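Look at the sequence and the 3D view, then read on.

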Amino acid sequence: MEQASVEHSHGHQMDPYVEYSSSKLGMWLFLGTEILLFGGLFAAYAIFRAKYPEMFAEQHEELNKQMGAINTCILIFSSLTMAMGVTAIKRGKQKLTAILLLVTIICGLGFGAVKYLEYSAKFSHHIYPDTSIFFSLYFLMTGLHMLHVFIGLLILATMFVLTLKGKFTAEYNTPVEVGGLYWHLVDLIWIYLFPLLYLIA
Amino acid sequence: MANHTIAHNVYVPFLEKKGILSWLLTTDHKRIGIMYLVSISFFFVVAGILALLMRLELLTPASDIVSPHTYNVLFTLHGSLMVFFFIVPGLAASFGNFLIPLMIGAPDVAFPKLNLGSYWIYLLGTLIMLIALSKPADTGWTFYTPYSTTTDTDVVLLTFGVFVLGFSSILTGMNFIVTIHKMRAPGMTWHRLPLFIWASYATSILQLLATPVVGITLLLLITERTFGVGFFDPAKGGDPILFQNFFWFYSHPAVYIMIIPAMGVISEIIPVFARKPIFGYKAIAYSSLGIAFISFLVWAHHMFTSGISSLAATIFSFLTFLVAIPTAIKVFNWVATLYKGSIQLHSSMLYSLGFIFLFTIGGLTGLFLGALAADIHLHDTYFVVAHMHYVMIGGTVMGFLGALHFWYPKWFGKMFNETVAKIAWFLIFIGFNVTFFPQFFLGVEGMPRRYATYPPQFESLMSLSTYGSWILAIGMFVMAANLLVGLFRGEKAPQNPYNSLSLEWQVPSPPPHENFEEIPHVTDWTYGYGKKKESEA
């Protein structure tokens, strides 16, 4: 009895296309809220940069442009492998999808490793979030972004395991695509953070 | 056991299953709606008791019942609980959950599991807030800096709880938008949607657009306290006004998150009990979206005395007056719907009429506060307290209670005692006005809010307000007792006690799991009263 009704509760028949387009719409809406979340920080950035242009020009020299550039390349490349992964599963190639997801995950971990080196370099120079407004912004923006990388990695790892288990096919691959959207957002936000923090001339 | 085949023909109400797990693990939108309803009602009662304590303290000029610090804690908790734990999730999450799928002819929301997840996140947020009570904050519900960064009470946990609640709000809003876009029954076109759906849609958009901003604001406040970040601290080059800008960018739209669902409720109840098609359907529908849009452009009207430039203040004052237009459109259309209707004064209709009357007072007094010169005098006085309670109790709570009385038979399958409900309405209406109307005078005479003590010349108005709060409390108690007794002793509710044309009344009371035996085909809007009767069959 219990068993039957539990099944029933998950089993309301949704048209597969409706389910697919619902998931995509839902994810896009959620990504919109993520942008607004960062939007608050971008607004703070704009206000304080207008207020203290010299501080930003001077203190951003402390940031390691090379490492930032490497991380940018890593994330852009990971977005490529993610997009390829989505295309692969739509063509039913499960093994290829798994490999591409794995490459994406490795890129994400690489990004985290570089960020770790950067943060420890800052700490060793006694630069902390309360050092100045600029470094508050630096740590908060990259920190919140790092949190999103971490969540993205969890999503990707789940997708990787489910792909290995053969849950996704050419017919049903919504989670891979929707998870991919999230990963692209993580990439996109970094593409704005990098010039705003590292490349102030 | 294995009666899958006949299961389709046997009517099993969604309330049938028992046991705590059947609730905590349910994905049925009607059950999730009940869980929200119970949770928000709990916080409504708790925060209401805190308000009664405050009023009791204000019975006499001296601070004799609680210490001034305790009083600060009381109004902080009263405000935070009412705003973030009761009224923001309030109607939108409880009745939104229950009604949206039923009204658009869907078996459930678009993401039932996520819907349950949102409720758990809400619970998590409340849990965090409860831990914060060990050293409750005394900042007021707005958490203004610099005080909120320097007080030694637990601001971090309370704001973190609110931050977590924000997630729940975002996910619910997203779920509802997708549901309304993708799950409408065949023939349920946008212009046939019940107005409550339009209101929920506008509310959900606000939840998505505004909540992330308060999220990041509170996060910044938390980092300010934990990592010594200085965005709001002038000593470190920051600006406390920035906090106010950020905070109100969310919290002003949030006012409309609180009120728009109630407006949707009123638009549903009035045509049913006036037996007339709603007047100005499209005007009401689009004015919800209009309010949602304008609400993002008025936040600085909370800051006229905070030191913003007079140009900015003038612009924000003008934009503030614009909100009156879509709001007035609604009120005029409701009144036009009532005109020459054959009105039945069901208890839910009384709450709706109470809404129109009280909300209009609340709205009009808002114009005084939006006017720059008047606001200098009235800012942070009891006038503001009275204004906001006329909008929030006179508006949202009236709408909430109206919704509760209107959909009670459908939701719980029982009838309550209508006479007692009317008496309770009368007590609430009188009690509310006696409590808050004197506060307009107190404000005009210059009594500032948030003080535990006051000069003796205000004693008569202050004590009158306190007596009113007792009537209000008795009214609330009678109302709640009546509804609770109805759950156990009430008669069984018929399918459609009010002869409503809306889809939710075309299924049994309480509705079965997944709502409709067959997804309905909609051929007309839901407000065709006084013309045809065939859809009752």
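Start with one residue and its neighbours. B:Leu358 touches B:Tyr390, B:Gly394, B:Gly395 and B:Met398, leaving aside residues up to four places away in sequence. Keep in mind that this is a predicted model.

Where does B:Leu358 lie? It lies in helix H13 of chain B. Is B:Leu358 buried or exposed? B:Leu358 is buried, because 22 other C-beta atoms lie within 10 Å, and the cut-off for a buried residue is 20 or more. Take one of the residues it touches, B:Tyr390. In sequence, B:Leu358 and B:Tyr390 are 32 residues apart. In space, their C-alpha atoms are 6.0 Å apart.

**Two helix pairs in chain B**

H13 covers residues 347-370 of chain B, and helix H15 covers residues 382-412. Their axes are 8 Å apart, and the two helices pack at an angle of about 160°. H13(B) is therefore roughly antiparallel to H15(B), since angles over 145 degrees count that way. The crossing of H13(B) and H15(B) is left-handed. What kinds of residue make up this contact? The contact of H13(B) with H15(B) has 12 nonpolar residues, 13 polar ones and no charged ones.

Helix H16 spans residues 418-444 and helix H17 spans residues 459-489. Their axes come within 7 Å and cross at roughly 155°. That angle makes H16(B) roughly antiparallel to H17(B). The crossing of H16(B) and H17(B) is left-handed. Their contact divides into 22 nonpolar, 8 polar and no charged residues.

Turn to chain A. How many helices and strands does it have? There are 7 helices and 0 strands. Read from the N terminus, the elements run α-α-α-α-α-α-α. The C-alpha atoms of chain A fill a box of roughly 65 × 30 × 30 Å along the principal axes. Chain A has 201 residues, and 34% of them count as buried. Now take the contacts in chain A with a separation of 6 or more. Residues 24 or more positions apart account for 83% of these.

The two chains also touch each other. Chain A gives 27 residues to the contact, and chain B gives 34. Three elements of chain A give two or more residues to this side: helix H1 (2-10), helix H2 (16-51) and helix H6 (133-164). Which element gives the most? H2(A) does, with 16 residues. The chain A side divides into 15 nonpolar residues, 11 polar ones and 1 charged one.

**The nonpolar core**

The largest nonpolar core has 210 residues. Those with the most contacts inside this core are A:Leu137, B:Phe86, B:Ile104, B:Ile197, B:Ala202, B:Tyr256 and B:Met258. Helix H10 of chain B, residues 240-274, gives the most to the core, with 22 residues. Pick out A:Leu137 in the view. Leaving aside residues up to four places away in sequence, A:Leu137 touches A:Ala44, A:Tyr45 and A:Phe48.

**Backbone exceptions**

Most residues other than glycine have a negative phi, and most peptide bonds are trans. Some places in this model depart from that pattern.

| Residue | Phi | Other C-beta atoms within 10 Å | Exposure |
|---|---|---|---|
| A:His126 | about 60° | 7 | exposed |

A:His126 lies in the loop between helix H5 (94-124) and H6 of chain A. B:Arg275 is found in the loop between H10 and helix H11 (281-294) of chain B.

Then there are cis peptide bonds. The bond from B:Thr145 to B:Pro146 is cis, with omega near 5°. B:Pro146 lies in the loop between helix H6 (112-132) and helix H7 (147-150) of chain B. The bond from B:Ser509 to B:Pro510 is cis as well, with omega near -15°. Where is B:Pro510 found? B:Pro510 is in the segment after H17 of chain B.

Definitions and conventions
Residues numbered from 1 in each chain as written. Chains lettered and ligands numbered in written order. Predicted model: local features only at pLDDT ≥ 70, side-chain atom pairs only at ≥ 80, totals over all residues. Axes fitted to C-alpha atoms, helices over the stretch in contact; angles between N-to-C directions. Helix = DSSP H or I, 4+ residues; strand = E, 2+ residues; numbered from the N terminus. Parallel < 35°, antiparallel > 145°, perpendicular 65-115°, else oblique. Left-handed = near helix turned anticlockwise from the far one by under 90°. Nonpolar A, V, L, I, M, F, W, Y, C, P; charged D, E, K, R; others polar. Contact = placed C-beta atoms within 7 Å. Buried ≥ 20, exposed ≤ 12 C-beta atoms within 10 Å, placed from the backbone. Core = buried A, V, L, I, M, F, W, Y, C linked by C-beta atoms within 7 Å.
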